[in-house]
Amino acid sequence: MPMSGDLLRLADAVLLPGFVGRTPPDWIRRRLGEGLAGVVLFSRNIADPAQVARLTAALRAENPAVLVGTDEESGEVTRLEVSTGSSRPGGYALGVVDDVGLTEALARDLGGELASAGITIDFAPSADVNSNPDNPVIGLRAFGADPALVARHTRAFVRGLQSAGVAACAKHFPGHGDTIVDSHHGVPVVADAGIEEALFPFREAIKEGVRSIMTGHLLVPSYDAELPATLSPKVLTGLLREELGFQGMIITDGIEMAAVSGAYGIGGASARAIAAGADAICVGGERADEATAVEVRDAIAAAVTEGLLPEERLADAARRVRELAAWTTSSGSPVPEDGYIGLAAARRAVRVTRRSTASVLPLTGAAHVVELAPEMNLAIDKGTPWGVGEPLGRLLPGTAVTRLVAGETTGARLERLIGEAAQRPLVIVVRDAHRYDWQGEALRHLLSARPDAVVVEMGLPARSDLGAVHIATYGSARVCGQAAAEVLTGTL
């Protein structure tokens, strides 16, 4: 059956694709003029805030009601500051400080920056309860492992962000924290025993008036043993809409992720997500071309003509997208730039464990910094700078920095490093050392020769009994590295 222009436009009204480049390509401009709901910006689209403001102004010239979204969680997952590292720590550091006023103020500051750049919806905060320390994709993106703590900081982040006129988007519903599979690659399963704890922060976010919720590509057997949440009417309609009472916009996580597209293809997964209760489709992290956007639009429209997706459900989804767009154009107030709150938060999050009576700190001479760099998950841009060596070098000129990845920490290589650092203080920087055997082995090798070394953990610290001094930053954002350098030199 041929698809009408009206039906294709209705399908476009629930779609937020990505694109390549720092200016809108012709196909995005054309589709926005024809009713495309909006776009998602990734780091490939961003040079600096001024450039983003020009880009979003060009988008808005084609469609004044365009939704412009991005993943700006602060901390490890940053888009606006991908080239420099974030000037704000992530959720876990904020949870460690546990000052909801600070979390709200930081989110408001972030919202002001996003609003100035023309971004109207931020896919943050992570409302996941990171109850599994081996979680490969959430970790420090969460506020913590305690549901009540996560809930109060989720509410604070939502308040702060939305006070600046930027829609918050709590994710990854119904909770990605207690999983050991990355949904970019497979289907995580949420254990029945922990589902109520996982849901608690989302219940609280809804009470706070969060404008959007992002689905997680998660299998939740206690609600649906067959379909992941993004594709499940039982989860999206039965649980989120009817039981929890959420009336805002439901948007999918990246629909091209294997957990949902693997079985149905991108188009098929998109149509099934709308039928299940989602209102907007996020696509384009990995496939950011016009052909993909056309494939998704046509699959949604075809699902209507084939009777798989009621047109009334598609129209209701488009209505919720329009309502959110209208809210973003009429809400919030200007936020004066702070420029300090992120570093202040990072400093407050640092925890120091001294295990030696020797006067290891402060460092007074040029050090040798060894940074053990694991491969990060796809949510974290591989080009985002991190570490302690660079900020420490500014405070202690002459500091040497060696960064090693898996496969490079051979015994011979580590012995050479021990020799090179023989006359210097040694600082060993790790990220989630408990999850990577090669980091643990390298740490043991280095510490056996240099028990006076300082260990800086910039991931989730499973233990603090490593090194003469152990410093936990609870994040690898630029400001977390700066705070660690200040502790090392005694300036903090």
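I began with a network of salt bridges that links R241, D279, R313, D316, R319, R320 and E323; a salt bridge here is a side-chain nitrogen of Lys or Arg within 4 Å of a carboxyl oxygen of Asp or Glu. I noted that the model is predicted, so that local features need pLDDT of at least 70 and side-chain atom pairs count only at pLDDT 80 or more, while totals for chains, interfaces and linings use all residues. Residues are numbered from 1 along each chain as its sequence is written, and side-chain values use heavy atoms, with hydrogens and water left out.

R319 is partly exposed at 29% relative accessible area, and D316 is partly exposed at 23%, where buried means under 20%, exposed over 50% and partly exposed in between (1.4 Å probe, protein chains only).

I then turned to D6 and R9, which form a salt bridge at 2.4 Å, N to O, and both lie in helix α1 (residues 5–12). D6 is exposed at 56%, whereas R9 is partly exposed at 42%.

Last, I looked up R297, which is buried at 15% and forms a salt bridge with D298, the closest N and O atoms being 3.0 Å apart. The count by this rule comes to 36 salt bridges.

How values were computed: Helices (H or I, at least four residues) and strands (E, at least two) are DSSP runs, numbered from the N terminus.
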